[in-house]
Amino acid sequence: MAQKSGSKRLSVAKTYKIYIDGKFPRTESGRYFALEDSKGGVIANVCRSSRKDFRNAVVAARKAQPGWAKASAYLRGQVLYRVAEMLEGRRDQFIAELVLQGVGQRAAEKEVDLSIDRLIYFAGWADKYQQVFSAVNPVSSSHFNFSILEPTGVVSMLAPNDSGLLGLVSNVAPTIVGGNTCIVLASEKLPLCAVSFAEVLHASDVPGGVVNILTGHRSELTGQFASHMDVNAIIYCDADRKTAQSLQHAAADNIKRVVSRTRTDWFKSSAQHPYLIRDTQEVKTTWHPIGV
Amino acid sequence: MATPENKLAFDAGWQYSPAPESTDHIKVRKRYGLFIGGDFVAPEKGKYFDTVNPATEEKLSRVALASDADVDKAVKAARKAYGPWVRMKPAERGKYIYRIARIMQERSREFAAIESLDGGKPIRESRDVDVPLAAAHFFYYAGWADKLEYAFPGRKARPLGVAGQIIPWNFPLLMAAWKIAPALACGNTVVLKPAETTPLTAMKLAEVVADAGIPDGVVNIVTGAGETGAAIVNHPGVDKIAFTGSTEVGRIIQQALAGTNKKYTLELGGKAANIIFADAAIDQAVEGIINGIFFNQGHVCCAGSRLFVQESVAEEVIQKLKDRMETLIVGDPLDKNTDIGAINSRQQLDTIESYLAIGQGEGGEMYQSSCPVPDKGYWCRPTLFTGVSQSNRVVQEEIFGPVLAIQTFRTFDEALTKANNTPYGLSGGVWTDKGAKIFKMTQSVRAGVVWANTFNKFDPTSPFGGYKESGMGREGGLHGLDAYLRLEA
């Protein structure tokens, strides 16, 4: 970050790294892209993640998924609540970071506050969505039969472009609250909060590998996010028509679930609902005979 | 048949007399057109193809081959019918669907006989499973038509428009019911394509639709093969695609739909694990294994085609399985004593036989029952493979025939790891008398339907569909409505 003007002390700038398997490596490729402010000054050198980084993140997400899915709903709720607590504690930092990237002060405040509240909203759903979306089915034979939701598995995610924090939180929270793990590509033009949010996750009780956050060029990574054979679903936000088509085509390689969240205003209250959780859930039906 | 003392001998001292279902009451026309806009119409190009009885290789009827132009006509008829259908009072829409269920029940035996003639499945199954379940499916979804606002809390449920539906040959009428019933209940109109080897009960269903007075164009049924299906998938006037079939074709469809706004659901292949623990009720488990793999000649996407037996009981289970296989009667699908009917087509028989060669070539030990099979027609004796491992093709790939691959395991974790080592995730089975073990295994198997101490059970109220490469979306139950609705805030 740039040195604060008028200050006698030389400030210490943060190196923005990526987040894989609960660790903060630089991209294995050693590449970067310069994030510039409106006057062309360099705000930060951001990691330009590679496909190899993505593959590493998938391995981490796959490894973490069964354990995270097995965590009780109560626990997952508390973990998400803890993330909100940590974010609240670093509220000023996130506002400053948004402002630094060109967001207005009041808009930045609103975005951070809404992000915290959205985490609380989904934390509360952790032990409730199952009751809303599951069923006991009155089959006509002598069986007990019920359908419950289970996480789809590993989810790749192209985060919204225009909302560096709120858009990210609004997609990550419903995905992981349902027991999935994910690999997120942060907004290309507003990447800083994503990295700082990884630090928040790290300081909370989210196990390593549950959320993996990469920065980099969408054009370079979208294909891999869509085609990787060990990813079960892809959520993409704000893709143009052509990108959406090639992404959907590639997703068919392993019958990936494709969730499109384009042109969503994440500031609206209608942008939070439990159907966002359901998007990355599978319905499992279990049968057992009734008798002696 | 050799009968050592430990063998089951259901026919010892007795012979089964033939008990054929009569066919004098069924009506099959010599030729069927396409059911478009409420009428059977001739195909634009005037082409027809034969549908044959796989048990005799005799021609049953000729059905129209729908071209792109015919599909276009059907989609337009469905579009025209959509407005009035969606504006109709939901309760009235429901009553139309109830009518289909009732007429189907009235004509159930005719449907069952034709299903067995055209597809080769035993009459006992078409009579007791396919047709009753198909009618029940219409009855179940009929009642949803005016209750959709209660199904998805906080959302408004809107129909999608015209649904294109493509179904397989293994449960021809039942799959048509699974597709049409929820689509209509949700206010959509449909263009359905039955499989090319089993079009007849869909043609009979078209008659029922007409008899029920369903407004013209609400249900359109076009016959043909893959190209007709592709014409439906690619038609710009279709709002939703529902497909049941192979993962291979499902993938092509998903690719074809990329970049369109068509909603889709895919019910694809499977390679289900059926897991037998040492503490299971063994005799019941053996029956479950038999039903799991030999039901409908193994032409079942959720068939229990991979058997995992705990090592300590493996010898006993495999012996009992072989004994039970010896009692299975393979033959005339219309005979009420028949357990295993005809393989659906020459092509499918070739596929199955190629896998038998592959399995043996990979070093697997093949066992087949010694039952006689008819001279004409397409038949495959019940078959099992032992001595196979996870990497064998007969363990990994869907065969879609009466072929069981058997492996053993020692621990729970080993069984689970092996069970989940597949790109598929449609169904699974677990057999044990221990409740805690049941819940642990049913929760850990990555599959959409899990049967504990039972197998291959279906019900209209029970959602069905796969994880992973077995597809997406559910059919049946409340969850099955979702496939035919747009949920709005």
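Biologist: How many residues of chain B are in contact with chain A, and how many of chain A with chain B?
Modeller: This is a predicted model. In it, 39 residues of chain B are in contact with 31 residues of chain A.

Biologist: Which elements of chain B give two or more residues to that side?
Modeller: They are α8 (247-257), α14 (435-444), β18 (449-452) and β19 (471-472) of chain B. The largest share comes from α8(B), with five residues.

Biologist: And by class, what does the side of chain B that touches chain A have?
Modeller: It has 17 nonpolar, 15 polar and seven charged residues.

Biologist: Which strand of chain A does β18(B) pair with, and is the sense parallel or antiparallel?
Modeller: β18(B) pairs with strand β10 (residues 281-289) of chain A, in the parallel sense and over three bridges.

Biologist: What stands opposite B:Trp451?
Modeller: A:Trp287 does; B:Trp451 itself is in β18(B).

Biologist: Switching to helices. How do the axes of α4 and α5 of chain B cross?
Modeller: The axes of α4 (residues 123-142) and α5 (residues 172-185) of chain B come within 9 Å and cross at roughly 5°. Angles under 35 degrees count as roughly parallel, so α4(B) is roughly parallel to α5(B).

Biologist: Which residues make the contact?
Modeller: From α4(B), they include B:Leu133, B:Phe138 and B:Tyr141. From α5(B), they include B:Leu174, B:Trp178 and B:Ala181. By class, the contact has 13 nonpolar, one polar and one charged residues.

Biologist: What about the largest nonpolar core? Which residues have the most contacts inside it?
Modeller: A:Val184 and B:Ile97, in a core of 184 residues. The element that gives the most to this core is α5(B), with eleven residues.

Biologist: What does B:Ile97 touch?
Modeller: Leaving out residues up to four places away in sequence, B:Ile97 touches B:Phe138, B:Tyr141, B:Ala142, B:Ala145, B:Ala181, B:Leu184 and B:Ala185. There is also a second, separate core of 65 residues, with B:Ile290 and B:Val430 among them.

Biologist: Backbone next. What is phi for A:Asp21 and A:Ile255?
Modeller: Most residues other than glycine have a negative phi. A:Asp21 has a positive phi of about 55°, and phi of A:Ile255 is near 50°, also positive.

Biologist: Where do they lie?
Modeller: A:Asp21 is in the segment before β1 (32-36) of chain A. A:Ile255 lies in the loop between α9 (241-251) and β9 (257-261) of chain A.

Biologist: Is A:Ile255 buried or exposed?
Modeller: A:Ile255 counts as buried because it has 24 C-beta neighbours inside 10 Å, and the cut-off is 20 or more. A:Asp21 is partly exposed, with 17 other C-beta atoms within 10 Å.

Methods
Residues are numbered from 1 along each chain as its sequence is written. Chains are lettered from A and ligands numbered from 1 in the order in which they are written. This is a predicted model: local features need pLDDT of at least 70, side-chain atom pairs count only at pLDDT 80 or more; totals for chains, interfaces and linings use all residues. Axes are lines fitted to C-alpha atoms, for helices over the stretch in contact, and angles run from 0 to 180 degrees between N-to-C directions. Helices (H or I, at least four residues) and strands (E, at least two) are DSSP runs, numbered from the N terminus. Angles under 35 degrees count as roughly parallel, over 145 as roughly antiparallel, 65 to 115 as roughly perpendicular and the rest as oblique. Two residues are in contact if their C-beta atoms, placed from the backbone, lie within 7 Å. Ala, Val, Leu, Ile, Met, Phe, Trp, Tyr, Cys and Pro count as nonpolar, Asp, Glu, Lys and Arg as charged, and the others, Gly among them, as polar. Two strands pair if DSSP finds at least two bridges between them. A nonpolar core is a set of buried Ala, Val, Leu, Ile, Met, Phe, Trp, Tyr and Cys residues joined through C-beta atoms within 7 Å. A residue is buried if 20 or more other C-beta atoms lie within 10 Å of its own, exposed if 12 or fewer, and partly exposed in between; C-beta atoms are placed from the backbone.
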